[in-house]
Amino acid sequence: MCIRDSLLSQTDNINEDPLGNLTERERTVFHGVIRGMSNPGIAEALTISPRTVETHRMNMMAKLGIPTKDRLIVFAIAKGLVEIDAEGNMIGEPFPALRI
């Protein structure tokens, strides 16, 4: 592959959905986690068990290659998936994926 092709393929990836390889349920758990919800809280909102939430969370973090919750939040901010105001608070609906 020549340098030009390599650079073009990298630019193509810029506009891709950073959560593209996650299932819908993993995305929902992702949004709950980055907004500070506990596994039992997410489980109650989704009417599933906390253990199922933990499984989705582990799978999601493995697919994203992110080892900790803190890094998951940094990832979300860096990818523009959440906005932070001047005081460090998240902007927007508290949990759009669940609509609690």
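The model is a predicted one, and its mean pLDDT over the protein chain is 81.

**Confidence**

- Of the residues of the protein chain, 76% reach a pLDDT of 70 or more.
- Over residues 6-14, pLDDT stays under 50, and for this stretch the model has 1 contact beyond four places in sequence.
- Where pLDDT is low, the predicted coordinates should not be read in detail.

**Overall architecture**

- The protein chain contains 5 helices and 2 strands, arranged along the sequence in the pattern α-α-α-α-α-β-β.
- The protein chain has 100 residues, of which 27% count as buried.
- Among contacts in the protein chain with a separation of 6 or more, 56% are accounted for by residues 24 or more positions apart.
- The protein chain has an accessible surface of about 6,600 Å², and carbon and sulfur atoms hold 52% of that surface.

- Helix α5 spans residues 69-78, and its buried residues are Leu 72, Phe 75 and Ala 76.
- Viewed down the axis of α5, these buried residues fall within an arc of 100°, so they line one face of the helix.
- An α-helix has 3.6 residues a turn, so residues three or four places apart point the same way.
- On the face of α5 turned away from its buried side are the exposed residues Asp 70, Arg 71, Val 74 and Ala 78.
- Just after α5, Gly 80 adopts a positive phi of about 75°.

**Nonpolar surface patch**

- A nonpolar patch on the surface is formed by Ile 77, Ile 84 and Met 90, whose accessible area together is about 220 Å².
- Ile 77 counts as partly exposed because its relative accessibility is 39%, a value between the 20% limit for buried residues and the 50% limit for exposed ones.

Methods. Residues numbered from 1 in each chain as written. Predicted model: local features only at pLDDT ≥ 70, side-chain atom pairs only at ≥ 80, totals over all residues. Heavy atoms only, no water. Buried < 20%, exposed > 50% of the residue type's maximum accessible area, 1.4 Å probe, protein only. Helix = DSSP H or I, 4+ residues; strand = E, 2+ residues; numbered from the N terminus. Arc of directions from axis to C-beta. Contact = heavy atoms within 4.5 Å. Areas by Shrake-Rupley, 256 points an atom, 1.4 Å probe, with all protein chains shown as cover. Patch = residues over 30% accessible without salt bridge, like charges linked within 9 Å, V, L, I, M, F, W, Y side chains within 5 Å. Salt bridge = Lys/Arg side-chain N within 4 Å of Asp/Glu carboxyl O. pLDDT = per-residue confidence, 0-100.
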